[in-house]
Amino acid sequence: MIETERDQFNPVCAQDINRGGFKIDIEDLERWTARIYDAIAVGYIVNTTGDRLPLTEEGGADLLGNVIESSSLTPNRQLYGELMNQGHILISLAHDPENRFLESYGVMGDGAVAMRDPIFYRWHAHVWDLMRAYKDKLPGYEPTQLAFPGVRVLGVEVRTDGHDKANELHTYWQASDLELSRGLDFSPRRPIFARLTHLQHRPFAYHIRVESDAAAARDAYVRVFMAPTLDERGSTMQFNDQRHLMVEMDKFHVILEPGVNTLQRRSSASSVTIPFERTFRNLDANRPAGGRALDEFTFCGCGLPQHMLVPRGTEAGLPHQLFVMVTDYAQDRVDQVLEGTCLDAPSLCGVFAGRYPDRRPMGFPFDRRPAHDRVASLRDFLTANMFVQRVTVRFRDAVEALVRNTTRFGPTKGTVKVTHFDPSPASGSVKRDHLSVPPIDYA
């Protein structure tokens, strides 16, 4: 069932859309899904001329992606439909499928805000099930495909700023100020600030010890993942379940000198995140008129917000496993000339106007099952170039106010003053129960 703003207390079910000749049938989505599963089972896609396009190990994921998310690259839209796009639209119009109330589409119909609807994740999990079925048809990774001969990871430690105990990550609530006048339709238009309470984590760094027995320096790729240790019942997860919950935290290139190397990497340099200011940037400021420049401007907004890198955890401490793998950069690198300036989150977004900057699949080495069924736990999976460290994510249920420099949002002259009448202390933090923060005036 799908709950909309108009039907907060009367949840609605997805149903066929028929709005003035615009139609989407649920049966179409079911039929397209079945046909894609059939294609995965037989190992090929049929194009419009009847040719069979094999879902190979190298290019199969790209081909399947072009089928699921229809575009000009789709090999046979008539046969496989537009599953991803039409699903978004059907869900976004579920509150008024026949246009009786003349309501517009919900947030699922707008790519810029679709992630704000909880059902976005249910729908994308359904789509991911298709990709998982394809991955499970591929041969499992052999130890030789995972190893990096001559390289051994000796140890991994996580150190959080301001905390003496190693291998603990700390999260809390943070109150940040945003300029929202661009979204308000009234005049005269003056800067309007709102306070957003969001999850945040203390900055931290990885400290990784790697040994290389080569006589000369070697280029390497360091891959960092993290996943919860226990399932919803409090039991230790089996590897085949845990690998699907592995979240890539970072990936970076290093040069390994002969002998033991100590690598340090700050959390703020993560290859999957972008800074707070880019997440909430002014889309009208310095916006190109069109063409390639506008494409790059849009691409610059891609990336996981830096403050969402670490899961919330619990006040008692939620156990996780941090996985580090070092691979051969000579085999993994993609030779290309990088364009543009937004290269913060290549692991998640790729690079502008280029190929994905890693010859390994996204999610490697957890995107496919291991070749041997005897791998029951993450430690059974390890080779010498891997290491697992236990980490604890501790959550502090309090709000800390962060007064961001308002000049980042533009001129402050004529700013509307926002004052919180709250008896909270002028510094420090307040309990999450209050959600209010120290009073602030904007001049």
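Two strands pair if DSSP finds at least two bridges between them. This is a predicted model, in which local features need pLDDT of at least 70 and side-chain atom pairs count only at pLDDT 80 or more, while totals for chains, interfaces and linings use all residues. Residues are numbered from 1 along each chain as its sequence is written, and side-chain values use heavy atoms, with hydrogens and water left out.

Q: How do you know that β6 and β15 are paired?
A: Eight bridges join β6 (residues 168-179) to β15 (residues 386-401), and pairing asks for at least two. So they count as paired, and the two strands run parallel. Q174 has E400 in β15 as its bridge partner.

Q: What makes β14 a partner of β15?
A: Eight bridges again: they link β14 (residues 318-328) with β15, and this pair runs antiparallel. M325 sits opposite M386 in β15.

Q: What do the names of helices and strands rest on?
A: They are DSSP runs, numbered from the N terminus: H or I with at least four residues for helices, E with at least two for strands. The chain has 12 helices and 16 strands.

Q: Why is α1 called roughly parallel to α5?
A: Helix α1 (residues 26-42) packs on helix α5 (residues 119-137) at about 20°, with the axes 9 Å apart. Angles under 35 degrees count as roughly parallel, over 145 as roughly antiparallel, 65 to 115 as roughly perpendicular and the rest as oblique, so α1 is roughly parallel to α5. The crossing of α1 and α5 is right-handed.

Q: Which residues of α1 and α5 meet?
A: From α1 come L29, T33, I36, Y37, I40 and A41; from α5 come W123, H126, D129, L130, A133, Y134 and K137. Contact means heavy atoms within 4.5 Å.

Q: Why are α1 and α4 called roughly antiparallel?
A: α1 and α4 (residues 83-92) pack at about 155°, axes 10 Å apart. That angle makes α1 and α4 roughly antiparallel to each other. The contact takes in I26, L29, W32, T33 and I36 of α1, plus L83, Q86, G87 and L90 of α4.

Q: Is H207 buried or exposed, and what makes it so?
A: Its relative accessible area is 13%. Buried means under 20%, exposed over 50% and partly exposed in between, using a 1.4 Å probe and protein chains only, so H207 is buried. H207 belongs to strand β8 (residues 204-212). Leaving aside neighbours within four places in sequence, H207 touches G155, V156, E157, R159, L263 and Q264.

Q: What makes phi of N99 worth a mention?
A: Most residues other than glycine have a negative phi. Phi of N99 is near 65°, a positive value in a residue other than glycine. L102 also has a positive phi, of about 55°, although it is not a glycine. N99 lies in the loop between α4 and α5, and L102 is found in the loop between α4 and α5 too.

Q: Which label, cis or trans, goes with the peptide bond from F364 to P365?
A: This bond is cis, with omega near 10°. P365 is in the loop between α11 (346-349) and α12 (378-381).

Note on methods
Axes fitted to C-alpha atoms, helices over the stretch in contact; angles between N-to-C directions. Left-handed = near helix turned anticlockwise from the far one by under 90°.
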